[in-house]
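Please open the structure in your viewer and keep the sequence beside it.

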Protein chains: 2
Amino acid sequence: MFFSSQLLENAVGEFAKLPGIGKKTALRLVLHLLKQDADQVDQFSEVISRMRKEIRFCQRCNNVSDADICSICANVSRKQEMVCVVETIREVIAIEATQQFNGTYHVLGGVISPLDGIGPDQLQIEGLLNRVVKDNVEEIIFALSPTIQGDTTIYYIQKKLKDRKVKITTIARGIAFGGELEYTDEMTLARSLQNRLPIESYVSGK
Amino acid sequence: MFFSSQLLENAVGEFAKLPGIGKKTALRLVLHLLKQDADQVDQFSEVISRMRKEIRFCQRCNNVSDADICSICANVSRKQEMVCVVETIREVIAIEATQQFNGTYHVLGGVISPLDGIGPDQLQIEGLLNRVVKDNVEEIIFALSPTIQGDTTIYYIQKKLKDRKVKITTIARGIAFGGELEYTDEMTLARSLQNRLPIESYVSGK
């Protein structure tokens, strides 16, 4: 791409570094910003820069936070003894969107994946184990990817907790609502047959 | 979307203001930046902000530029007497990518569109007319959208130039290379029949 301005080229280059943003999209975004007031573009830049510099991670659950303890952990109306273990804050946002969970979270920061060089020490597992002891956690709900890495992570944490009196569960896997049976992969179909539910609990949603 | 951090929410909000970027994409971009070094994110912000504040528009052709005169207008090896009239710098970039044009450009900033409140005065038409006189322009090539607005703009400028000895052309419209005849719209097909070329000029590309 030819640019008659180095300033423009640099700006396009910065946007094109972002995941999923190609040169053409980057140019479209930059030309949009070029049409905005300088104040608005300054605000854009400042908000992004400030976010990166000032954001913190909750000392308890590792979720992003503006304070030492995040707003979920600090909320006394939420069940502190119920912890949903997730990989990233993306899952926290997805689960919060359902408005069906009233416990707290623990963000691992990924799953154990030796091939990618990610062992238990790279994840926030120690903090989770400490919480179980300190906060009197009664139930840990795993909401990890249904992959070998996810299962390995569950297995590892489960073993570490075998002497603790804590209930360990995982979110249900099955055929999604609206999903077509014939297009479901074999693994999911096989598991959802194995883990079949009595019709009463299905109907009542218990 | 629920965010446990106002800083994060603001950053996502800023990205989501960009055209074609929804909340989910914005979150993906912000989480990517969150994983980068603070220095890199600062650089991203600074480059964007600086671009908006320092970029200038060529006093001659209205193209984006780092100086008073853009690098294309300042290039003496380019034919200054041949001017390609375009709507935005996007078309400049597209035509430059072909490496087939060795003249200069004139960026109008849009086309005449009374319904959108854009008249000749909102566009860089005056500058173009001045160039014709001052720079001894021999040919004006219109590369505008094939719309009523584009045609109106061509007609308007053409009328203003009727006493000047300047050749006025427009880029060829026709069926694109690789385009299927049967799927071409009627207008394009009809025009490409009307403006049929002798086979020699087609083969030699003259």
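Predicted model: local features only at pLDDT ≥ 70, side-chain atom pairs only at ≥ 80, totals over all residues.

Begin by selecting chain A and colouring it by secondary structure, which brings out eight helices and six strands. Followed from the N terminus, the elements run α-α-α-β-β-β-α-β-α-β-α-β-α-α. Chain A is more spread out than a compact globule, because its radius of gyration is 22 Å, well over the 17 Å that the globule rule gives for 206 residues. Its C-alpha trace spans about 65 × 45 × 40 Å along the principal axes.

Of the 206 residues in the chain, 40% count as buried. If you then colour by charge, you will find 25 positive and 26 negative side chains in chain A, with the centres of the two sets 3 Å apart.

Now select the aromatic side chains, which form seven aromatic pairs over all chains. One of them brings together Phe44(A) and Phe44(B) in a tilted arrangement, 6.4 Å from centre to centre and with 50 degrees between the planes. This pair joins two chains, because Phe44(A) lies in helix α3 (residues 38-54) of chain A and Phe44(B) in helix α3 (residues 38-54) of chain B. Phe44(A) is buried, with a relative accessible area of 2%, and Phe44(B) is also buried, with a relative accessible area of 2%.

How values were computed
Residues numbered from 1 in each chain as written. Chains lettered and ligands numbered in written order. Heavy atoms only, no water. Helix = DSSP H or I, 4+ residues; strand = E, 2+ residues; numbered from the N terminus. Rg over C-alpha atoms; globule rule 2.2 N^0.38 Å. Buried < 20%, exposed > 50% of the residue type's maximum accessible area, 1.4 Å probe, protein only. Lys, Arg positive; Asp, Glu negative; His and termini not counted. Charge placed at Lys NZ, Arg CZ, Asp CG, Glu CD. Phe/Tyr/Trp six-rings, centres within 6.5 Å; stacked < 30°, edge-to-face > 60°.
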